[in-house]
Amino acid sequence: MKGDRVEIVIDAGSGTTRTYEIVATRAGRTVGITHSRGVIEVAEATRGGNVVRTARFLANRVLALVEHPASNTPSADEIAPTLRSA
């Protein structure tokens with residue numbers, strides 16, 4: 001859903017951190033997280049399942065992974081108009 005976002009905080013070495021944010025930018029897109037073989041992958045996908053963008057991080061460098069789901073109320077561009085007969 002538009003508005004879903006994931007924040008990733010990684011250890012950039014030398015005592016510094018970097019923060020990345022992946023956001024579902026359009027209506028109908030979702031943000032998913034997968035973890036396998038020491039790699040964390042965050043991907044934005046369409047309704048049909050096509051991946052639009054992907055970010056990959058080494059799991060041992062990730063300090064925090066925070067999911068922020070969108071609100072339950074849909075935004076204006078996600079509401080389908082209904083036709084009323086007169």
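A polar contact is here a pair of N or O atoms within 3.5 Å, where within protein one atom must be able to donate a hydrogen and the other to accept it, and where residues adjacent in sequence count only if both atoms are side-chain atoms.

The model is predicted, and local features need pLDDT of at least 70, side-chain atom pairs count only at pLDDT 80 or more, and totals for chains, interfaces and linings use all residues. Residues are numbered from 1 along each chain as its sequence is written, and side-chain values use heavy atoms, with hydrogens and water left out.

## Overall architecture

The chain holds 0 helices and 6 strands, where helices (H or I, at least four residues) and strands (E, at least two) are DSSP runs numbered from the N terminus. Read from the N terminus, the order of elements is β-β-β-β-β-β. Of the 86 residues, 23% count as buried, a term that stands for under 20% relative accessible area, while exposed means over 50% and partly exposed lies in between (1.4 Å probe, protein chains only). The chain exposes about 6200 Å², of which carbon and sulfur atoms supply 50%; accessible areas come from the Shrake-Rupley method with a 1.4 Å probe, and for residues only the protein chains shown count as cover. Among the contacts with a separation of 6 or more, 41% are between residues 24 or more positions apart, a contact being heavy atoms within 4.5 Å.

## Strand pairing

Two strands are taken to pair if DSSP finds at least two bridges between them.

| Strands | Bridges | Sense |
|---|---|---|
| strand 1 and strand 2 | 8 bridges | antiparallel |
| strand 1 and strand 6 | 6 bridges | antiparallel |
| strand 4 and strand 5 | 7 bridges | antiparallel |

An open sheet is formed by 3 strands in the order 3-4-5, with antiparallel pairing. Its edge strands are strand 3 and strand 5, each of which pairs on one side only. From one strand to the next the twist averages 20°, with axes taken as lines fitted to C-alpha atoms (for helices over the stretch in contact) and angles running from 0 to 180 degrees between N-to-C directions.

Asp 11 lies in strand 1 and, at 28% relative accessibility, counts as partly exposed. Leaving aside neighbours within four places in sequence, Asp 11 is in contact with Thr 16, Arg 61 and Leu 63. Leu 63 is 52 residues from Asp 11 in sequence, yet their C-alpha atoms are 6.5 Å apart in space.

The hairpin of strand 1 and strand 2 has 2 residues between the strands, and within it Ser 14 takes a positive phi near 55°. Ser 14 is exposed, with a relative accessible area of 81%. A second residue other than glycine with a positive phi is Arg 37, at a value near 50°, in the loop between strand 3 (30–36) and strand 4; Arg 37 is likewise exposed, at 85% relative accessible area. Most residues other than glycine have a negative phi.

## A buried glutamate

Is Glu 44 buried or exposed? Glu 44, which lies in strand 4, is buried, with a relative accessibility of 0%. Glu 44 stands opposite Arg 53 in strand 5, and a polar contact of 2.6 Å joins the side chains of these two residues. Leaving aside neighbours within four places in sequence, the contacts of Glu 44 include Arg 26, Arg 29 and Asn 50.

## The nonpolar core

A nonpolar core is a set of buried Ala, Val, Leu, Ile, Met, Phe, Trp, Tyr and Cys residues joined through side-chain atoms within 4.5 Å. The largest such core has 11 residues in all, among them Val 6, Ile 22, Val 31, Ala 55 and Val 62. Two or more residues each come from strand 1 (5–13), strand 4 (39–45) and strand 5 (51–58), and strand 1 gives the most, with 3 residues. Not counting residues up to four places away in sequence, Val 62 touches Ile 8, Val 9, Ile 10, Ile 40 and Phe 57.
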